[in-house]
Amino acid sequence: MSNSISISFSLNNESRSLRVGRETLLEALRTTLGVTSPKRACDGGECGACTVLLDERPVNACLVLAAAAAGRRVTTVEGLSSGPTLHALQQSFHEHGAAQCGFCTPGMLLSAKALLDANPEPSIAEIREAISGNLCRCTGYAKIVNAIAALGATRSGTNDSSPLVAPVGGSVGRRLPRLDGLGHVTGTTRYTDDLALPGMLYAAPLYSAHDHARIHRVDISRGLRVPGVAAIITAADVPENRQGLTVKDQPVIADDRVRHRGDVVAFVAAVDANTAAKAASKIHVEYEILPAVFDPLAALDPGAPHIHEGGNLVPFNKLKSIRIRRGDVEAALSASAVVIDETYRTPPIEHAALEPHAMLAAPSANGALTIWTPNQVLFTRSAEIAAILRLPMSKLRVIAPPIGGGFGGKNDVTHEPHVALLALRTGRPVKCTWSRAEEFLASSVRHPYVMRHTIGVARDGTILAKLVDTIGDAGPFTNQSPAVLAVHCIFSCGPYRVDNVSIEGRLAYTNNQIAGAYRGYGVVQAAFAVESQMDAAAQALGIDPLQFRRQNALRNGDTTPTGQPLDAVGIGECLDRVSDAVGWSAEEIGGAR
Amino acid sequence: MAASGVPASPSTMSAYHAPASLDAALELLALKPDALVVAGGTEAVRRLRGGMQDTRPIIALSGLEELRGIEGTSAGRIRIGALVTCTDIASSPLIAERAPILAQAARSVGGPQIRNCATVGGNIAVRCPRSDLLPPLLALDAIVTLESRGKARQLSLAAYVAETALSPELLTFIECDAAPRGTCFLRMSPRKSLGPAIVNVAVLLLPAANGMRWERVRIALGGVAGAAMRPQRAEAILSVAPCAGEELVTATAAAAAAAQEESTPQSDVWASEWYRRHITGVLVRRAIAAACT
């Protein structure tokens, strides 16, 4: 009995025949046929980035077996336009700025096409329903809905939306279509996982089996025996096995111990991804399990297991601390009519960009190396990668293809050094693309913070003092934590004037995920604590929380706790506009509080 | 250890069968009782991808046209082929007229792409306690037909979902009551689209001819126990209540409280046991009120 079967189907009105096993339609399209507009983002029917039309209906290609396409019509975004002429939907998406990072765009277009084919003049509710299986992480959906609605309106002759128009003459003050928009709407934008090079190998990591453990031995021999495996690297193969922007405390591949589940113990390159993953699972690691700690406060207890030799207080400067002081907090708290002392906690948050991390490395004959990675901080990270590889920068070229969503999550060096080393070892291009599970396991998250805030307020509602003590959960490595913490501390009084301030921020190592950059960069956590406490203080004083904020809002001429003079402060106007827009009424709200 | 990238390797392939008729499918299933049966694929393919080393043969049912029909029976019931998709249910004029609660539930499954593939049979056969079609089908006294080579048996849906032993049978047809009025389906989910039901509730209230008492009361819950279930005490409380007035309001509250007591929810990533129980009471109360009007 054969393990694969021959199937024929129509792909964008052309007959295609191929042999398939038990791969999905998405795999067959992307890998076998090289049709890369359907994107692999969640691989579980949760996001719609892989949407194709099967006959006339949108389906998730990641949940359809390739064999099930036999005898049917498959349409991808490549099948929308004929030649150089864009389909009206593609044109409308382009003109309305409906494609931002572009990763959800092909799927979004196909869901929209299926809708308009069945219902040429849909209502806004029908449009929203039709794209409800397609996640977009950038646009907030409004522009996408507008782009589809405009087309329906054009058909009914009631088009009153204002699409972008290509500028004639000056562009200042005009809304412009994205320079990369045409690639997004035609599905021709090539993200890192869409790239394939001749002879390319696929790589897969072996992650730690424990939260915290000493490594006694790594035996790769059984992995190497798996047919199709080209190379396996371990810690000994990394030229400079410590990385880190501020503190070099992160092994590229774990050597003495693993400090969280996302630590890499070995990395395999093989002829395909499943073979690489299978070989990784055959690698034998002898661990000695160590006690782990997952709470940043518990990590600083005297009896807590040490994650690094020097203890769990992250040594990012001599004091292991960031301190901001102004005025006399103790005196001001004593003089306050109301003092509130409360501790606020925030959780880790994953960026969940639609495009998973992907990295591709290709060696050249002269010993040089090219790496493709959707990294947001290309030059700094290139230098870090070169240092890990001990390659001169002149031998390393790092290219950032279009990024399918970053939000700070593609701010770190992840597995670029690993594919680079495997490429140098094998002399072949090596690609690795993360699964959605790996995104949660191995990428950085927004820092969990424990923030103790003490506020002192005078009877008339003037904030007199603020005492802040933040402990950040850095995860097992320092990464960008000090920079994020610095911004957090600077913003720990919120947009309010406070004359007597004492802010301290420290970081604890834990066995949780690595924490890193995430848009807002430490300010989001501060805002949660500050605004929660503003409400509590207003309630204690019996005054309208909006009025309390207005009264204390920073104004032009004020200085921040770090001494920065301000001359363009918008918080007062912002409060005015928002309260007008929502019809704020202190009386109505008073009842609910 | 997570697999990354594509493609599948030849070493993990195994036979794929797409029988063209029900008889052929039953014959295959008799020969390969351990086969992975794939209907719409939205659950089976996901499971397949989770298990890299899964080498079971696949029997794909997509060619069985005889299981794609929705029809009224001579007894006034509705007969639905197991391969009817959620989109088919949601857009069927017959369902809209005779069992709108089913259309409502079908529209809440996954997102449009999922509904275009996911089948009624699959929704039942995966035995997920929060499948959205189960509560309305339980409220409509559904029975399922299970077939194996040369054999067919019928079983109430309630008995089927409570059955744990999985025999190599195909679920081929679902038959349920018509209920043009007096029904309501509600669900609580973390988000409107692509969100699993934390709790789902179906209520059917059929007044007797005199309009004073209920002739039939059905309450069915999903997400609150190991399998979708009917809270019998809650149904009994409502059965003796009048069809309107203050006493109905009191009985509704009592039925909601009984439903909470009869549910045995568990905590998971989506909701805590406490929240599930709380929401059960809220949804039962709202669904009874809506089914009355």
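Domain bounds, used at the opening stops, come from an automatic or database domain assignment. The model is predicted: local features need pLDDT of at least 70, side-chain atom pairs count only at pLDDT 80 or more, and totals for chains, interfaces and linings use all residues. Residues are numbered from 1 along each chain as its sequence is written, while chains are lettered from A and ligands numbered from 1 in the order in which they are written.

**Domains of chain A**

Select chain A and colour domain 1 (5-79), domain 2 (88-162 + 179-189) and domain 3 (193-530) separately. The centres of domain 2 and domain 3 of chain A, taken over C-alpha atoms, are separated by 36 Å. Their contact involves 9 residues of domain 2 of chain A and 8 residues of domain 3 of chain A; two residues are in contact if their C-beta atoms, placed from the backbone, lie within 7 Å. On the side of domain 2 of chain A that touches domain 3 of chain A, there are 5 nonpolar, 2 polar and 2 charged residues. In this classification Ala, Val, Leu, Ile, Met, Phe, Trp, Tyr, Cys and Pro count as nonpolar, Asp, Glu, Lys and Arg as charged, and the others, Gly among them, as polar.

Next, select residues 229-233 of chain A, which form strand E8. Helices (H or I, at least four residues) and strands (E, at least two) are DSSP runs, numbered from the N terminus. In strand E8 of chain A, 5 of the 5 residues are buried, so the strand is largely enclosed by the rest of the structure. A residue is buried if 20 or more other C-beta atoms lie within 10 Å of its own, exposed if 12 or fewer, and partly exposed in between, with C-beta atoms placed from the backbone.

Two strands pair if DSSP finds at least two bridges between them. Ala231(A) has Ala269(A) as its bridge partner in E10(A).

Continue to helix H8 (residues 273-282) of chain A, where 8 of the 10 residues are buried, so this helix too is largely enclosed by the rest of the structure. Among the buried residues of H8(A) are Asn274(A), Thr275(A) and Lys278(A). The elements covering the buried residues of H8(A) include strand E6 (201-207), helix H7 (221-224), E8 and E10 of chain A.

Which strand is mostly covered, with 12 of its 13 residues buried? Select strand E21 (residues 463-475) of chain A. Strand E20 (residues 449-457) of chain A pairs with E21(A) in the antiparallel sense over 9 bridges, and Met451(A) has Thr470(A) as its bridge partner in E21(A). The hairpin of E20(A) and E21(A) has 5 residues between the strands, and Gly461(A) takes a positive phi near 95° there.

**The interface with chain B**

Now display both chains. The contact between them takes 37 residues from chain B and 52 residues from chain A. Helix H2 (44-50), strand E3 (58-60) and helix H6 (112-117) of chain B each supply at least two residues of the side of chain B that touches chain A. The largest share of that side, 5 residues, comes from H6(B). By class, the side of chain B that touches chain A has 21 nonpolar, 13 polar and 3 charged residues.

**The sheet of chain B**

Select E9, E10 and E11 of chain B: they form an open sheet of 3 strands in the order E9-E10-E11, with antiparallel pairing. Strand E9 (183-188) and strand E11 (214-222) of chain B stand at the edges, each with a single partner strand, so one side of each is left without a neighbour in the sheet. Strand E10 (residues 199-207) of chain B pairs with E11(B) over 8 bridges in the antiparallel sense, and Ala202(B) has Ala220(B) as its bridge partner in E11(B).
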